[in-house]
Amino acid sequence: MMIRYAAAAVLAAALVLAAARLHGHESYGRAASFTLLAGAAFGFAIQRSRFCFTAAFRDLYLLRDRRMALGTLAALASGSVGYLVVLGAQLPDPSRYLPPTAHIAPSGLHLVLGGAAFGTGMVLAGGCISGSLYRLGEGSLVAPVTLGAAAAGYGLAFWTWDWFYLKMIAEGPVVWLPRSLGYAGAAAAQLAALALLAGLVLWKCPGLPPRPGAPVGPRAALRRALVDGWPSWMGGLAVGAIATFVFLRTSPLGVTSELSRVSHEIGKALGIVPVELQGLGKLPGCRPAATGAAFTPNAIFVLALVGGSAVAALLAGEFKVRVGRPRTFAMAAAGGLLLGFGAMISLGCTVGTMLSGIMAFSLSGWLFAAGLAGGAWAGTKLMRKLA
Amino acid sequence: MALSLILAALAQDALVSTDWVFQNLQNPKVRVVEVSVDPGVYEKGHVQGAVGWKWHSELCNPVNRDIVSPEAFEKLCQSAGISNDSTVVLYGDLNNWFACWAYWMFTMYGHKDVKLMNGGRKKWELEKRPMDLNVPSHPAGKFKVTSTNLALRARLWDVLKVVEKKEPGVLVDVRSPDEHTGKVFAPPGIQELSIRAGCVPGARNIPWSKTVNEDGTFKSVEELKKLYAEAGVDGTAPVIAYCRIGERSSHTWFVLKMLLGFDVRNYDGSWTEYGNAVGVPIENKTGTIWTGK
């Protein structure tokens, strides 16, 4: 036990030192330092609450277990409120321009298709991309297979990108709710929709019996925060808060930019993917983009995410090198391909397109979510058939 | 005809529109600087990528009453990521008054590529353009002061030479008519006052506010020429512009020098120096005397 506390402390110290180093570094600076700390906090929070969109849909469909679904809705609601506060400062009048960094992407069928592919993939693989990243921090050996397959899925998607761009994305309408409804109207409509979904979930899916009364006191509270699992709604609130802070200080939450960039670089080096991807530079979302430095901002975020998750896992005694059956690996690979494909044509995943889109009051996020719901349902049906 | 073309070109050179700035936010050569004097204005939101400068402590000498030294100005520019080949874009609150002071600094200290965003903060906000809340961290710039042209600056003795007709020139008082006639010492609520009210003898009163439209942008070159010509300022005699502390006169200096091409100096000491100086002639049409009737 002492070993894992020591390991957690060393890892946490390493993360903080890395952030300090980045802060003063010529090629990185304050924003990179903030990104690292935010990534670590995000990884910690989602590991503690086992926050995964796969569970949100699959457990809902399969087991009528509503916890993660409610956690997701909590994240969306709290993040929407946080975004509202920031947007009101950035763009007091939403009628003419768009907030420059938010993931407000063109709406179109590609989002539903991408969401559906992603939803099916995540159920097959047992985790979405952010879920796989935090599981990597816990010691999962299946997660890297999922992520590797996702990179391959990106490769496949690069071949179809131009078609999707020209047919659906280039002329897709950008639908930003505050532009037509104002901030108050957009907030009311969106929060009402989220409340409706929450109501539906609460009504249709029975809750678990409440936990027995836990002891109070500072030691117990610390234990609760660092060792015991967090309830999903708490994870949701943490995600909403981190999403807001990251949007304010750097750019919207996302975990796939670096993955897609690496996939593109490898593909280009092997000569097996198209070099030019039309229109990519102008679109908001998790684009594959290189900077001059060795680590892109998203690389820093994702690596810190894994680190933060590892710290959380070590503290809770949940760090364990986990292997799966051959079937698990096969499903992870198949699912991963779909994850990568879906994330590329949607320019983001459950985090970058759904969370960051919906929190920014963009229709694109809702369309992706709709596809996700359908794809996850299909994936769940498929899993049952294969079982 | 040729002259107005030249003047129009001059104006084009010195001014950029809010739209141009909006389109060039990612341009690596462009460095945007906001010089706003009201507290918290820059912090609450500014043009993406804009650095914020404080006029009181960074563009003036914080100990002596003087303009910022070349060395301090160099350091300020370098930490804002400005080099000699950067395109500097200036804007600010209060109709770009203090941004114009910064423009005057850049011109005196030899930077060749400086633009003023026409309309300033006022126009950017009227057009409902997005604001950024983050302070940028540009890599250090390499700006060096290669030449100083203090001929663009008027001192008290330069003003007296014109008053005593020892040198040709015309003075332009850009303050409000009530300040000019001596009815008030300064607009209400202002802390920088003077012992005497009135104006420099012979100064023409062309308030700065007559040079701008409702949205903060400058009027056309033709309108401006007419405005000044009607007051007897047509560019034939060298001009010295002044106000109370030199910020509004910077605005008029910009109009006369960069838009109309006149020979003009900015008297930054302005009325807070002249109206407090001992033994200088003053014109006071209303007869106001400090604490007197």
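Two residues are in contact if their C-beta atoms, placed from the backbone, lie within 7 Å. The views below show a predicted model, in which local features need pLDDT of at least 70, side-chain atom pairs count only at pLDDT 80 or more, and totals for chains, interfaces and linings use all residues. Residues are numbered from 1 along each chain as its sequence is written, while chains are lettered from A and ligands numbered from 1 in the order in which they are written.

**View 1. Helix α5 of chain B and what covers it.** Helices (H or I, at least four residues) and strands (E, at least two) are DSSP runs, numbered from the N terminus. Which residues of α5 (residues 70-79) are buried? They are B:F73, B:L76 and B:C77, where buried means that 20 or more other C-beta atoms lie within 10 Å of the residue's own C-beta, placed from the backbone. Seen down the helix axis, these residues fall within an arc of 95°, so they line one face of α5(B); the arc is that of the directions from the axis to the C-beta atoms. As a reminder, an α-helix has 3.6 residues a turn, so residues three or four places apart point the same way. The cover over the buried residues of α5(B) includes β3 (51-53), α4 (55-59) and α6 (93-108) of chain B. Just after the helix, look for B:G81, with a positive phi of about 80°.

**View 2. The largest nonpolar core, around A:L305.** A nonpolar core is a set of buried Ala, Val, Leu, Ile, Met, Phe, Trp, Tyr and Cys residues joined through C-beta atoms within 7 Å. This one has 119 residues, and A:L36, A:L305, A:L339 and A:L355 touch the most other members. Helix α12 (residues 297-316) of chain A gives the largest share, 13 residues. Beyond its neighbours within four places in sequence, A:L305 is in contact with A:G39, A:F42, A:G43, A:L133, A:Y134 and A:V255.

**View 3. Another core, with members in chain B.** Chain B has twelve helices and nine strands, and buried residues make up 44% of its 293 residues.

Notes. A residue is buried if 20 or more other C-beta atoms lie within 10 Å of its own, exposed if 12 or fewer, and partly exposed in between; C-beta atoms are placed from the backbone.
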